[in-house]
Each structure stands twice: as structure tokens, then as C-alpha cells.
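Colleague: I am new to this model. Could you show me how to read it, one feature at a time?

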Amino acid sequence: MDTSIREFSEFKILNHLDRVHAVLRGEIPPPVTLEIDPTNACIHNCVWCIDARHRSDHPETLPREVALKAVEDAANMGVRSLVVKGGGEPLVYPHIDELLRTARENEMETGIITNGERILDHQDVIRETCTWLRISLDAGSKETHVATHRPKNPDAFDRIWQGVHAVVDDVYCGIIYIIHPATFHEMGVAARRAKEAGCKYIGFKRVVAEKELFDTELYMSIDANYLFAKRQYEDQTFSVMGFRIYNFTKGVNAQPYEMCLGHHLVGILCADGGVYACCATRGRDAYRYGSIYEQSLSEIWQGERRRQILEKIARGDCKHICVGHSSYMRYDHYNDLFLYLSKSRRPHGNFL
């Protein structure tokens with residue numbers, strides 16, 4: 001039984017149809033979720049890291065007062081949830097505990113995407129404040145983890161699992177696993193370990209790379225490993241999910257969206273203080289709405305600079321950097337819904 005329908009369902013957007021319809025009317029509602037990168041510092045150096053250049057160009061960390069005010073501003077403008085991620089590794093942020101508690105005090109649901117090594121150091125506040133925890137593990141063994149994540153601490157893999165065991169009874173935990181030529185052979189092992197640890201799911205994602213890394217034979221091997229993990233370990237308590245792992249997209253620039261409005265639902269605040277249009281535009285000045293060093297989050301979101309960038313997106317100026325449909329992208333089904341609802345004629349709309 002595939003239990004992923006509950007937490008990963010694309011139908012979650014139906015909980016926010018008020019904002020969907022506001023966007024379609026040309027209004028600018030607040031985002032449903034704010035993603036914040038509190039720091040670009042990281043204690044791992046993954047071979048496939050899509051943020052490596054961004055971290056190198058922007059080695060910043062948000063000051064405590066700036067980060068806390070941004071969270072408070074988000075809550076005041078109607079943002080309903082906070083995702084703390086990277087950038088870098090969020091759990092190395094020196095003010096992470098206070099950031100999480102500020103979100104909780106402002107009644108925002110909070111999740112963290114982490115490499116997992118510092119969960120143990122923050123286990124109490126994670127249990128106290130977080131709805132979910134997503135660990136980017138990407139390996140079934142310590143040896144593969146060291147070779148691909150290249151952590152500064154050679155015992156990071158063991159410490160990650162210790163952290164998972166410390167919080168899994170109180171927080172909805174799951175594993176994300178990047179499928180790469182150096183990792184696909186351990187998909188089944190990782191699924192077993194995740195289930196035994198009490199995680200709710202493991203999600204396999206095809207690596208996003210500048211060129212095709214797999215040939216047909218490797219895809220067949222990936223398929224075999226994925227199906228083994230799914231048939232062997234999935235049940236009513238544990239999901240094994242594959243997010244477009246059979247996609248033969250050539251490189252990072254996939255097919256762009258016919259209509260892109262999903263970015264209205266998610267705010268992107270980076271460690272340089274910039275608010276950007278989407279994850280693919282992080283660090284690109286042409287798609288930077290503004291800086292929280294100069295304006296409040298609300299002022300940026302409603303500001304003239306953002307309106308100008310929205311016109312660029314509507315024209316498709318950003319299609320050359322779009323990673324839509326390349327792997328698992330939330331914007332895929334958001335934009336599908338926006339496109340359907342934008343049509344004045346919806347054939348067979350009354351046949352359900």
C-alpha cells in the first residue's frame with residue numbers, strides 16, 4: 001500500500017484555493033510557505049551539490065535579529081509554514097534553536113531539511129517545534145556516504161542515524177535519497193535502515209546534473225533496485241517513493257512550464273538576505289525581489305521590484321534556467337492546476 005498520499009499528496013494545494021484564485025485574479029497574496037536558508041555554511045561537500053556555486057558566491061549567514069524579524073514578518077503577513085533548509089546546513093546556524101522557537105511562538109508549522117549530522121545537538125528543540133524532519137542521506141553505508149557526501153566528520157553517517165533514533169518517536173521523519181551512479185546500488189539497504197529506524201518514508205530522487213549521467217543499462221539497474229525496495233519494505237507504516245526517477249532529461253534545463261505561477265505560493269529567503277523568485281533563481285540578481293536588510297518581507301513581496309520580475313516570469317524570460325519537470329518539483333503540479341484553472345473552456349468539466 002502506498003501511504004505517500006497523505007503527506008506528499010499534490011492535492012494539498014486544495015487547502016489554499018483562496019490564494020490560488022487570488023493569484024489568478026492578478027492579486028498578490030502572501031505565500032503559503034516561506035523557505036529560509038539561515039546560513040550557507042555546510043559541513044558536507046556532496047559531489048552533486050547544486051548549491052556549491054551559490055555557497056561560494058554568497059558565503060553569508062543571516063544575523064540573529066534579521067532572521068527572527070523575517071520569521072515574525074512572515075507570520076504577520078499570513079505565511080502558514082516555515083521550511084528551514086539550505087543553502088548550507090541549517091542545523092549549524094548558531095541561532096537555529098531560537099529561530100525554530102520563534103516560528104512556533106508565531107504559530108507557524110515548521111519543517112527542516114538537513115543532512116542530519118547535527119540532529120543530536122538540537123534534538124530537544126526539534127521535538128518541541130517541528131512538524132517534520134527530512135534527512136538528505138543518499139547512502140546505505142558509511143563508505144558510500146563518506147565518498148559522496150564528503151563530510152568533515154568521518155563518523156557523520158553513524159551520528160545521523162543516532163540523531164534519527166533520538167527524535168523519530170516525536171517528529172515525522174523521512175529520508176531523501178539521491179540516485180547517482182555512486183549510490184543507486186544501496187537503495188534497498190537504505191530503505192531497510194530507514195524503516196527499521198522508524199522513519200515514515202524514503203524518497204528516491206534522480207540527481208540533477210549538467211549532463212546525462214545514466215545510460216539505459218544503469219536505468220534498468222535503478223529500476224530493479226527501486227522495485228526491490230518498494231516491494232520488500234513498503235507497507236501501511238512506511239512508504240517507498242520514486243520521484244521521476246525514470247526521467248531521461250538531458251541536463252539541468254528541462255522543459256519549462258507553459259504557465260508558471262507556483263512561485264506565488266512559496267517565498268525563498270536566502271542567507272544573503274535576498275528574497276528570490278524560486279529555488280532555481282537563488283543568487284541571480286535578475287530575479288531577486290529585494291533584501292530584508294533594506295525592506296520588510298511584506299514590503300518586498302508587495303513591492304514594485306517584485307511586480308517587474310513577475311512580468312519577466314510571465315513572459316518566460318527565465319525559461320533558460322528553469323528546472324521544471326527535471327526531478328521532483330512541487331511547482332509541477334502547482335502549475336498544472338494554475339494552467340487548468342486559467343482556461344475559460346474546460347472540456348468535459350462536468351464529467352467526474
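Modeller: Start with α3 and α4, which are roughly parallel to each other. The term covers angles under 35 degrees; over 145 is roughly antiparallel, 65 to 115 roughly perpendicular, and the rest oblique. Before we go on, two notes on the source. This is a predicted model, where local features need pLDDT of at least 70 and side-chain atom pairs pLDDT 80 or more, while totals for chains, interfaces and linings use all residues. Residues are numbered from 1 along each chain as its sequence is written, and side-chain values use heavy atoms, without hydrogens and water.

Colleague: At what angle do helix α3 and helix α4 pack, and how far apart are their axes?

Modeller: The general idea first. Two packed helices are described by the angle between their axes and the distance between the axes. Here, α3 spans residues 64-77 and α4 residues 96-105. They pack at about 20°, with axes 9 Å apart. The axes are lines fitted to C-alpha atoms, for helices over the stretch in contact, and angles run from 0 to 180 degrees between N-to-C directions. Helices (H or I, at least four residues) and strands (E, at least two) are DSSP runs, numbered from the N terminus.

Colleague: Is the crossing of α3 and α4 left-handed or right-handed?

Modeller: Right-handed. That label applies when the near helix is turned clockwise from the far one by less than a right angle; anticlockwise is left-handed.

Colleague: Which residues of α3 and α4 meet?

Modeller: From α3 come R64, A67, L68, V71 and E72. From α4 come E98, L99, T102 and A103. A contact is heavy atoms within 4.5 Å. By class, five of these residues are nonpolar, one is polar and three are charged. Ala, Val, Leu, Ile, Met, Phe, Trp, Tyr, Cys and Pro count as nonpolar, Asp, Glu, Lys and Arg as charged, and the others, Gly among them, as polar.

Colleague: Now α7 and α8. At what angle do their axes cross?

Modeller: Roughly 35°, and the axes come within 10 Å. Look at residues 156-167 for α7 and 187-197 for α8. F157, W161, V164 and H165 in α7 meet R193, A194 and A197 in α8. This contact has five nonpolar residues, one polar and one charged.

Colleague: How do I read a pair of rings?

Modeller: A pair of aromatic rings is described by the distance of the centres and the angle of the planes. Rings of Phe, Tyr and Trp (its six-membered ring) pair if their centres lie within 6.5 Å; planes under 30 degrees apart are stacked, over 60 edge-to-face, and the rest tilted. The whole structure has seven such pairs. F157 and W161 are edge-to-face, because their centres are 6.4 Å apart and their planes lie at 80°. Both residues sit in α7, four residues apart, about one turn of the helix.

Colleague: Are F157 and W161 buried or exposed?

Modeller: Both are buried. Buried means under 20% relative accessible area, exposed over 50%, and partly exposed in between (1.4 Å probe, protein chains only). Another edge-to-face pair is F228 with Y233, at 6.2 Å centre to centre and 85° between the planes. F228 is partly exposed at 43%, whereas Y233 is buried at 14%. Ring pairs also link Y177, F204 and Y226 into a cluster.

Colleague: What about the backbone? Which residues does a cis peptide bond join?

Modeller: G86 and G87, with omega about 10°. G87 is in the loop between β2 (81-84) and α4. Next, look at phi. D138 has a positive phi, near 70°, and is not a glycine. D138 lies in the loop between β4 (132-136) and α6 (142-149) and is buried at 2% relative accessibility. H348, also not a glycine, has a positive phi of about 60°. H348 follows α12 (330-342) and is exposed at 65%.

Colleague: Last one. Which residues does P256 touch?

Modeller: K319 and C322, leaving out residues up to four places away in sequence. P256 is in the loop between β7 (239-243) and β8 (266-269). P256 and C318 are 62 residues apart in sequence, yet 8.8 Å apart from C-alpha to C-alpha. At 27% relative accessibility, P256 is partly exposed.
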